[in-house]
Amino acid sequence: RKNVEDFTGPRERSDLGFVTFDITADILNGKNGLQTFCNENTLSIFDWNVKQLFLYLSAEYSTKNNALNQVVLWDKIMLRGDNPRLSLKDMKSKYFFFDDGNGLKGNRNITLTLSWNVVPNAGILPLVTGSGHVSVPFPDTYETTKSY
Amino acid sequence: RRCAGSAGPERGSRGGIAMDLFGDLRRMNKRQLYYQVLNFAMIVSSALMIWKGLIVVTGSESPIVVVLSGSMEPAFHRGDLLFLTNFHDDPIRAGEIVVFKVEGRDIPIVHRVIKVHEKGNGNIKFLTKGDNNEVDDRGLYKEGQNWLEKKDVVGRARGFLPYVGMVTIIMNDYPKFKYALLAVMGAYVLLKRES
(Lines give C-alpha, C1' and ligand atoms only; values in the text may rest on other atoms or scores of the structure.)
Protein backbone atom coordinates (compact mmCIF):
# COMPACT_ATOMS: atom_id res chain seq x y z
CA ARG A 1 0.00 0.00 0.00
CA LYS A 2 1.22 3.48 -0.88
CA ASN A 3 0.39 7.04 -0.11
CA VAL A 4 0.04 8.92 -3.35
CA GLU A 5 -1.90 11.73 -4.82
CA ASP A 6 -5.28 10.39 -5.78
CA PHE A 7 -4.92 10.91 -9.49
CA THR A 8 -8.42 9.75 -10.25
CA GLY A 9 -10.02 12.87 -8.86
CA PRO A 10 -9.36 14.69 -5.62
CA ARG A 11 -5.88 16.08 -5.51
CA GLU A 12 -5.05 15.34 -1.90
CA ARG A 13 -2.72 12.59 -0.90
CA SER A 14 -4.61 9.46 -0.02
CA ASP A 15 -3.79 5.89 0.71
CA LEU A 16 -3.84 3.58 -2.27
CA GLY A 17 -4.21 -0.08 -1.50
CA PHE A 18 -3.18 -3.08 -3.56
CA VAL A 19 -5.01 -6.34 -3.10
CA THR A 20 -4.79 -9.64 -4.92
CA PHE A 21 -7.49 -12.18 -4.37
CA ASP A 22 -8.99 -15.50 -5.29
CA ILE A 23 -12.69 -15.98 -5.76
CA THR A 24 -14.42 -19.30 -5.54
CA ALA A 25 -18.16 -19.09 -5.63
CA ASP A 26 -21.25 -20.98 -6.52
CA ILE A 27 -24.03 -18.58 -7.28
CA LEU A 28 -27.09 -20.53 -6.33
CA ASN A 29 -30.69 -19.65 -5.94
CA GLY A 30 -30.91 -19.27 -2.21
CA LYS A 31 -34.54 -18.14 -2.21
CA ASN A 32 -35.75 -20.51 0.49
CA GLY A 33 -32.42 -21.18 2.07
CA LEU A 34 -33.12 -24.85 1.58
CA GLN A 35 -31.87 -26.85 -1.32
CA THR A 36 -33.71 -30.10 -1.31
CA PHE A 37 -32.84 -31.17 -4.82
CA CYS A 38 -29.36 -32.02 -5.98
CA ASN A 39 -30.15 -30.98 -9.48
CA GLU A 40 -28.26 -28.45 -11.63
CA ASN A 41 -31.48 -26.84 -12.82
CA THR A 42 -33.05 -26.16 -9.46
CA LEU A 43 -29.91 -24.93 -7.83
CA SER A 44 -28.78 -22.40 -10.40
CA ILE A 45 -29.88 -18.84 -9.85
CA PHE A 46 -30.53 -18.40 -13.57
CA ASP A 47 -34.24 -19.06 -13.77
CA TRP A 48 -36.54 -17.87 -16.58
CA ASN A 49 -36.64 -14.33 -15.28
CA VAL A 50 -32.95 -13.76 -14.62
CA LYS A 51 -31.27 -11.97 -17.51
CA GLN A 52 -27.90 -11.45 -15.93
CA LEU A 53 -26.01 -10.96 -12.69
CA PHE A 54 -23.76 -8.03 -11.98
CA LEU A 55 -21.16 -9.33 -9.56
CA TYR A 56 -18.89 -7.08 -7.58
CA LEU A 57 -16.25 -7.49 -4.93
CA SER A 58 -16.36 -4.69 -2.42
CA ALA A 59 -14.04 -3.76 0.40
CA GLU A 60 -15.70 -2.38 3.49
CA TYR A 61 -13.82 -0.75 6.33
CA SER A 62 -13.82 2.02 8.90
CA THR A 63 -11.35 4.85 9.26
CA LYS A 64 -10.78 7.82 11.48
CA ASN A 65 -12.11 10.06 8.73
CA ASN A 66 -15.17 8.07 7.82
CA ALA A 67 -17.30 5.69 9.85
CA LEU A 68 -18.08 3.56 6.83
CA ASN A 69 -16.22 3.13 3.57
CA GLN A 70 -17.08 0.87 0.68
CA VAL A 71 -14.95 0.55 -2.41
CA VAL A 72 -15.75 -1.72 -5.32
CA LEU A 73 -12.52 -3.42 -6.35
CA TRP A 74 -13.71 -5.66 -9.11
CA ASP A 75 -16.84 -6.46 -11.02
CA LYS A 76 -18.07 -8.88 -13.63
CA ILE A 77 -21.18 -9.36 -15.66
CA MET A 78 -22.48 -12.90 -15.72
CA LEU A 79 -25.07 -13.53 -18.40
CA ARG A 80 -27.74 -16.20 -18.46
CA GLY A 81 -26.00 -19.23 -19.84
CA ASP A 82 -22.64 -18.52 -18.22
CA ASN A 83 -21.33 -20.94 -15.66
CA PRO A 84 -22.60 -19.97 -12.20
CA ARG A 85 -19.49 -21.42 -10.64
CA LEU A 86 -16.59 -19.00 -10.31
CA SER A 87 -13.08 -20.05 -9.69
CA LEU A 88 -10.75 -17.12 -10.18
CA LYS A 89 -7.22 -17.05 -8.88
CA ASP A 90 -4.71 -14.30 -8.34
CA MET A 91 -6.94 -11.49 -9.49
CA LYS A 92 -5.86 -7.90 -9.26
CA SER A 93 -8.39 -5.24 -8.47
CA LYS A 94 -9.95 -3.66 -11.53
CA TYR A 95 -10.31 -0.27 -9.93
CA PHE A 96 -7.91 1.78 -7.86
CA PHE A 97 -8.42 1.23 -4.18
CA PHE A 98 -8.09 4.82 -2.99
CA ASP A 99 -9.18 5.72 0.46
CA ASP A 100 -10.69 9.08 1.25
CA GLY A 101 -7.77 10.07 3.39
CA ASN A 102 -5.05 7.99 4.96
CA GLY A 103 -7.08 5.29 6.61
CA LEU A 104 -5.58 2.19 5.03
CA LYS A 105 -2.26 2.26 6.80
CA GLY A 106 -2.38 -0.09 9.73
CA ASN A 107 -6.03 -0.82 9.19
CA ARG A 108 -6.50 -4.33 10.47
CA ASN A 109 -9.99 -4.93 9.33
CA ILE A 110 -10.84 -4.58 5.67
CA THR A 111 -13.68 -6.94 4.82
CA LEU A 112 -13.97 -8.19 1.27
CA THR A 113 -17.43 -9.37 0.26
CA LEU A 114 -18.82 -10.68 -3.00
CA SER A 115 -22.27 -9.40 -3.86
CA TRP A 116 -24.44 -9.35 -6.92
CA ASN A 117 -27.27 -7.46 -8.49
CA VAL A 118 -29.88 -9.73 -10.05
CA VAL A 119 -31.16 -8.16 -13.28
CA PRO A 120 -34.46 -9.76 -14.29
CA ASN A 121 -36.05 -9.73 -17.72
CA ALA A 122 -38.70 -7.62 -16.02
CA GLY A 123 -39.41 -6.93 -12.38
CA ILE A 124 -37.58 -6.25 -9.14
CA LEU A 125 -33.83 -5.59 -8.98
CA PRO A 126 -32.51 -7.18 -5.80
CA LEU A 127 -29.02 -6.83 -4.40
CA VAL A 128 -27.76 -10.01 -2.82
CA THR A 129 -24.71 -10.40 -0.63
CA GLY A 130 -22.89 -13.67 -0.80
CA SER A 131 -22.37 -15.56 2.39
CA GLY A 132 -18.78 -15.74 3.46
CA HIS A 133 -16.35 -12.89 3.47
CA VAL A 134 -12.67 -12.36 4.03
CA SER A 135 -10.95 -9.98 6.36
CA VAL A 136 -7.74 -8.42 5.13
CA PRO A 137 -5.32 -6.45 7.27
CA PHE A 138 -3.14 -3.75 5.77
CA PRO A 139 0.45 -3.39 6.98
CA ASP A 140 1.61 -0.51 9.13
CA THR A 141 4.03 0.90 6.63
CA TYR A 142 3.94 2.11 3.11
CA GLU A 143 5.67 0.34 0.31
CA THR A 144 8.24 2.17 -1.64
CA THR A 145 8.66 -0.33 -4.43
CA LYS A 146 6.16 -0.97 -7.18
CA SER A 147 4.19 -4.06 -6.27
CA TYR A 148 1.97 -4.42 -9.32
CA ARG B 1 -82.10 8.87 -21.30
CA ARG B 2 -82.47 10.29 -24.73
CA CYS B 3 -79.39 10.75 -26.83
CA ALA B 4 -79.51 13.98 -28.76
CA GLY B 5 -78.02 12.50 -31.88
CA SER B 6 -78.99 9.44 -33.75
CA ALA B 7 -76.77 6.45 -33.92
CA GLY B 8 -78.65 4.60 -36.54
CA PRO B 9 -79.59 4.52 -40.14
CA GLU B 10 -77.87 7.67 -41.37
CA ARG B 11 -74.58 5.80 -41.60
CA GLY B 12 -73.73 4.50 -44.95
CA SER B 13 -74.58 7.76 -46.70
CA ARG B 14 -71.97 9.50 -48.80
CA GLY B 15 -68.67 10.39 -47.04
CA GLY B 16 -68.99 7.59 -44.54
CA ILE B 17 -67.45 7.96 -41.10
CA ALA B 18 -65.97 11.48 -41.42
CA MET B 19 -69.36 12.93 -42.29
CA ASP B 20 -70.84 11.12 -39.33
CA LEU B 21 -68.28 12.61 -36.97
CA PHE B 22 -68.97 16.13 -38.16
CA GLY B 23 -72.64 15.42 -37.96
CA ASP B 24 -72.28 14.32 -34.37
CA LEU B 25 -70.27 17.41 -33.56
CA ARG B 26 -72.85 19.77 -34.96
CA ARG B 27 -75.69 17.97 -33.30
CA MET B 28 -74.05 18.07 -29.83
CA ASN B 29 -75.52 20.87 -27.83
CA LYS B 30 -73.64 22.98 -25.31
CA ARG B 31 -74.56 20.83 -22.33
CA GLN B 32 -73.14 17.74 -23.94
CA LEU B 33 -69.96 19.54 -24.86
CA TYR B 34 -69.48 20.66 -21.27
CA TYR B 35 -70.15 17.11 -20.13
CA GLN B 36 -67.50 15.73 -22.46
CA VAL B 37 -64.98 18.34 -21.37
CA LEU B 38 -65.65 17.60 -17.72
CA ASN B 39 -65.22 13.91 -18.36
CA PHE B 40 -61.90 14.62 -19.97
CA ALA B 41 -60.84 16.86 -17.09
CA MET B 42 -61.67 14.10 -14.63
CA ILE B 43 -59.47 11.66 -16.49
CA VAL B 44 -56.58 14.11 -16.52
CA SER B 45 -57.03 14.93 -12.82
CA SER B 46 -57.10 11.26 -11.86
CA ALA B 47 -53.91 10.63 -13.80
CA LEU B 48 -52.23 13.58 -12.09
CA MET B 49 -53.41 12.38 -8.69
CA ILE B 50 -51.99 8.94 -9.29
CA TRP B 51 -48.67 10.45 -10.33
CA LYS B 52 -48.53 12.72 -7.29
CA GLY B 53 -49.48 9.78 -5.10
CA LEU B 54 -46.55 7.82 -6.48
CA ILE B 55 -44.22 10.71 -5.76
CA VAL B 56 -45.37 10.75 -2.13
CA VAL B 57 -45.27 6.99 -1.64
CA THR B 58 -41.83 6.50 -3.15
CA GLY B 59 -40.26 9.68 -1.83
CA SER B 60 -38.78 10.36 -5.24
CA GLU B 61 -39.53 13.44 -7.32
CA SER B 62 -39.56 11.24 -10.40
CA PRO B 63 -40.56 7.70 -9.47
CA ILE B 64 -40.59 6.41 -13.04
CA VAL B 65 -37.74 7.20 -15.42
CA VAL B 66 -36.77 6.13 -18.91
CA VAL B 67 -33.21 4.98 -19.59
CA LEU B 68 -31.75 7.35 -22.17
CA SER B 69 -28.31 5.95 -22.88
CA GLY B 70 -26.51 2.67 -23.30
CA SER B 71 -24.13 3.23 -20.42
CA MET B 72 -25.69 0.49 -18.30
CA GLU B 73 -25.82 -2.20 -20.94
CA PRO B 74 -26.35 -5.12 -21.03
CA ALA B 75 -28.55 -4.67 -17.97
CA PHE B 76 -30.55 -1.67 -19.20
CA HIS B 77 -31.01 -0.44 -22.72
CA ARG B 78 -32.26 2.85 -24.10
CA GLY B 79 -36.00 2.84 -23.73
CA ASP B 80 -36.24 0.69 -20.61
CA LEU B 81 -38.41 1.91 -17.77
CA LEU B 82 -37.10 2.11 -14.21
CA PHE B 83 -39.09 2.31 -10.99
CA LEU B 84 -37.41 4.29 -8.23
CA THR B 85 -37.72 4.83 -4.51
CA ASN B 86 -35.93 7.46 -2.51
CA PHE B 87 -36.59 6.78 1.15
CA HIS B 88 -34.75 9.19 3.36
CA ASP B 89 -33.45 6.53 5.70
CA ASP B 90 -32.19 4.21 3.00
CA PRO B 91 -28.42 4.29 3.14
CA ILE B 92 -26.47 4.53 -0.11
CA ARG B 93 -24.32 1.45 -0.54
CA ALA B 94 -21.85 0.21 -3.12
CA GLY B 95 -23.45 -1.78 -5.91
CA GLU B 96 -26.77 0.05 -5.84
CA ILE B 97 -28.14 1.53 -9.03
CA VAL B 98 -28.95 5.19 -8.46
CA VAL B 99 -30.52 7.82 -10.64
CA PHE B 100 -28.99 11.21 -10.04
CA LYS B 101 -28.91 14.69 -11.51
CA VAL B 102 -25.75 16.68 -11.83
CA GLU B 103 -26.14 20.12 -10.33
CA GLY B 104 -27.32 22.50 -12.97
CA ARG B 105 -28.34 19.82 -15.46
CA ASP B 106 -31.80 18.48 -16.06
CA ILE B 107 -31.02 15.08 -17.41
CA PRO B 108 -31.13 12.22 -14.90
CA ILE B 109 -28.33 9.67 -15.15
CA VAL B 110 -28.68 6.01 -14.23
CA HIS B 111 -25.43 4.49 -12.97
CA ARG B 112 -24.05 2.25 -10.25
CA VAL B 113 -22.42 3.32 -6.98
CA ILE B 114 -18.83 2.11 -6.79
CA LYS B 115 -17.44 4.02 -3.82
CA VAL B 116 -19.03 5.18 -0.60
CA HIS B 117 -17.53 7.22 2.22
CA GLU B 118 -19.90 7.87 5.08
CA LYS B 119 -19.12 9.87 8.18
CA GLY B 120 -20.45 9.14 11.64
CA ASN B 121 -22.96 11.97 11.39
CA GLY B 122 -24.60 10.46 8.34
CA ASN B 123 -22.86 12.67 5.79
CA ILE B 124 -22.33 10.54 2.68
CA LYS B 125 -20.28 11.12 -0.43
CA PHE B 126 -20.18 8.60 -3.23
CA LEU B 127 -18.88 7.93 -6.71
CA THR B 128 -20.73 6.35 -9.60
CA LYS B 129 -19.90 4.60 -12.85
CA GLY B 130 -21.89 3.18 -15.70
CA ASP B 131 -21.48 -0.57 -16.09
CA ASN B 132 -20.73 -0.13 -19.77
CA ASN B 133 -18.29 2.75 -19.31
CA GLU B 134 -14.56 2.34 -18.93
CA VAL B 135 -14.16 5.17 -16.43
CA ASP B 136 -16.07 6.51 -13.49
CA ASP B 137 -18.45 9.45 -13.72
CA ARG B 138 -16.14 12.22 -12.54
CA GLY B 139 -16.09 13.54 -16.09
CA LEU B 140 -19.85 13.95 -15.91
CA TYR B 141 -19.97 15.79 -12.62
CA LYS B 142 -19.74 19.53 -12.32
CA GLU B 143 -16.37 21.19 -12.83
CA GLY B 144 -14.31 20.48 -9.73
CA GLN B 145 -16.89 18.15 -8.26
CA ASN B 146 -15.50 14.79 -7.24
CA TRP B 147 -18.33 13.20 -5.32
CA LEU B 148 -22.08 13.00 -5.33
CA GLU B 149 -24.21 13.60 -2.27
CA LYS B 150 -27.61 12.48 -1.12
CA LYS B 151 -29.18 15.66 -2.42
CA ASP B 152 -28.16 14.77 -5.97
CA VAL B 153 -30.07 11.49 -5.88
CA VAL B 154 -33.44 11.28 -7.61
CA GLY B 155 -33.95 7.70 -6.48
CA ARG B 156 -32.69 4.15 -6.33
CA ALA B 157 -33.71 1.66 -9.00
CA ARG B 158 -35.89 -1.03 -7.48
CA GLY B 159 -37.59 -2.55 -10.50
CA PHE B 160 -37.61 -2.33 -14.24
CA LEU B 161 -39.60 -3.05 -17.37
CA PRO B 162 -37.88 -3.40 -20.74
CA TYR B 163 -38.83 -1.44 -23.89
CA VAL B 164 -41.91 0.28 -22.42
CA GLY B 165 -40.20 3.66 -22.18
CA MET B 166 -39.51 3.77 -25.91
CA VAL B 167 -42.79 5.61 -26.44
CA THR B 168 -41.48 8.57 -24.45
CA ILE B 169 -38.24 8.63 -26.40
CA ILE B 170 -40.08 8.53 -29.74
CA MET B 171 -42.34 11.35 -28.64
CA ASN B 172 -39.31 13.38 -27.68
CA ASP B 173 -37.37 12.76 -30.84
CA TYR B 174 -40.30 13.09 -33.21
CA PRO B 175 -42.57 15.86 -31.92
CA LYS B 176 -44.92 15.41 -34.89
CA PHE B 177 -45.70 11.96 -33.52
CA LYS B 178 -46.50 13.48 -30.14
CA TYR B 179 -48.90 16.04 -31.63
CA ALA B 180 -50.57 13.43 -33.78
CA LEU B 181 -51.07 11.21 -30.74
CA LEU B 182 -52.49 14.09 -28.71
CA ALA B 183 -54.82 15.08 -31.55
CA VAL B 184 -56.15 11.55 -31.85
CA MET B 185 -56.64 11.28 -28.09
CA GLY B 186 -58.36 14.65 -27.95
CA ALA B 187 -60.68 13.78 -30.80
CA TYR B 188 -61.55 10.45 -29.24
CA VAL B 189 -62.34 11.90 -25.84
CA LEU B 190 -64.42 14.80 -27.13
CA LEU B 191 -66.42 12.72 -29.53
CA LYS B 192 -66.87 9.61 -27.45
CA ARG B 193 -70.51 9.09 -26.64
CA GLU B 194 -72.13 7.31 -23.76
CA SER B 195 -75.36 6.16 -25.22
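By class, the residues that line the largest pocket divide into 11 nonpolar, seven polar and two charged. The model is a predicted one, and the space in this pocket comes to about 430 Å³. Three elements of chain A, namely β3 (20-26), β8 (110-120) and β10 (127-136), each give two or more residues to the lining of the largest pocket, and β10(A) gives the most, with seven residues. The lining has 20 residues in total, and those that lie nearest the centre of the pocket are T24(A), A25(A), L114(A), S131(A) and G132(A).

Chain A itself has one helix and 10 strands, and from the N terminus its elements follow the order β-β-β-α-β-β-β-β-β-β-β. Some overall values for this chain are set out below.

| Property of chain A | Value |
|---|---|
| Share of the 148 residues that count as buried | 47% |
| Share of contacts with a separation of 6 or more that join residues 24 or more positions apart | 64% |
| Share of the accessible surface, about 8,100 Å², that belongs to carbon and sulfur atoms | 53% |

In chain B, E96(B) is placed in the loop between β2 (81-85) and β3 (97-101). Is E96(B) buried or exposed? E96(B) counts as buried because its relative accessible area is 12%, which is under the 20% cut-off. When neighbours within four places in sequence are left aside, E96(B) is in contact with L127(A) of chain A and, in chain B, with P91(B), H111(B), R112(B), V113(B) and R156(B).

Notes
Residues are numbered from 1 along each chain as its sequence is written. Chains are lettered from A and ligands numbered from 1 in the order in which they are written. This is a predicted model: local features need pLDDT of at least 70, side-chain atom pairs count only at pLDDT 80 or more; totals for chains, interfaces and linings use all residues. Side-chain values use heavy atoms; hydrogens and water are left out. Helices (H or I, at least four residues) and strands (E, at least two) are DSSP runs, numbered from the N terminus. Buried means under 20% relative accessible area, exposed over 50%, partly exposed in between (1.4 Å probe, protein chains only). Contact means heavy atoms within 4.5 Å. Accessible areas come from the Shrake-Rupley method with a 1.4 Å probe; for residues, only the protein chains shown count as cover. On a 1 Å grid over the protein atoms alone, a cavity is a set of points where a 1.4 Å probe fits but cannot get out, and a pocket is an open set with protein on both sides within 12 Å along at least five of seven lines; lining residues have an atom within 4 Å of a point. Grid points are joined across faces, edges and corners, and a volume is the space filled by probe spheres set on the points. Ala, Val, Leu, Ile, Met, Phe, Trp, Tyr, Cys and Pro count as nonpolar, Asp, Glu, Lys and Arg as charged, and the others, Gly among them, as polar.
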